[in-house]
Amino acid sequence: MAKRWYVVHTYSGYENKVKTDLQQRIETYGMEDRIVDIQIPTEQVTELKDGGKRETKEVKVYPGYVLVRMALDDETWSVVRNTAGVTGFVGSEGNPVPLRRSEFNKIMGRGEAAKAKNVEAKHAMVTTSLEPGMSVKVTNGPLADFVGEISEVMPEAGKVKVMLMIFGRETPVELTLDQITTRLK
């Protein structure tokens, strides 16, 4: 029987526990040949912290969902469906619907568009807690010790635009995140 990918709905935040519990159930019931793979779609996210520090972590792309590759029959359905934390299969009218290969590739980030991009850009989404309107102090460079307000945040470039008072006039200056620190009021 052909093994296809199915989407299993879980309680949000229980994806890893469902994967572990399901792996144990597969071993217990001797179904290693019929339920062959379990995936949790994730991506690397780089967050830019104060002072330009980068923190990379892995986040779930689809919280509350796990992908299971299996030969669907009554026994495999029961093993998966009765795993703690599983709320059901994604499908129509209560019937699990397998993913097409193109859908699986897209979910797992393996589509043609993803292949065209370089690997780092494909998996690295950058976020920062800095926002327009925040007060910052320049820590190094020719404008060190100047104080200003962020007018634009460009996390992909690792930069911010800050309005600094230079020669009595507000001047927009583009700075890297490692050149500033947030000011405490």
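Reply: A salt bridge here is a side-chain nitrogen of Lys or Arg within 4 Å of a carboxyl oxygen of Asp or Glu. This is a predicted model, in which local features need pLDDT of at least 70 and side-chain atom pairs count only at pLDDT 80 or more, while totals for chains, interfaces and linings use all residues. Residues are numbered from 1 along each chain as its sequence is written, and side-chain values use heavy atoms, with hydrogens and water left out.

By the salt-bridge rule the count comes to seven, and R34, D73 and E75 are linked in a network of such bridges. In one of them, the side chains of D73 and R34 meet with N and O at 3.8 Å. D73 sits in the loop between β5 (65-70) and α2 (74-81), and R34 in the loop between α1 (15-28) and β2 (35-39), so that this pair links distant parts of the chain, 39 residues apart, where helices (H or I, at least four residues) and strands (E, at least two) are DSSP runs numbered from the N terminus.

R34 also forms a salt bridge with E75, whose closest N and O atoms are 2.5 Å apart. Because E75 lies in helix α2 and R34 in the loop between α1 and β2, the pair ties together parts that are 41 residues apart in sequence.

As for accessibility, buried means under 20% relative accessible area, exposed over 50%, and partly exposed in between (1.4 Å probe, protein chains only). R34 is partly exposed at 24%, D73 is partly exposed at 25%, and E75 is partly exposed at 46%.
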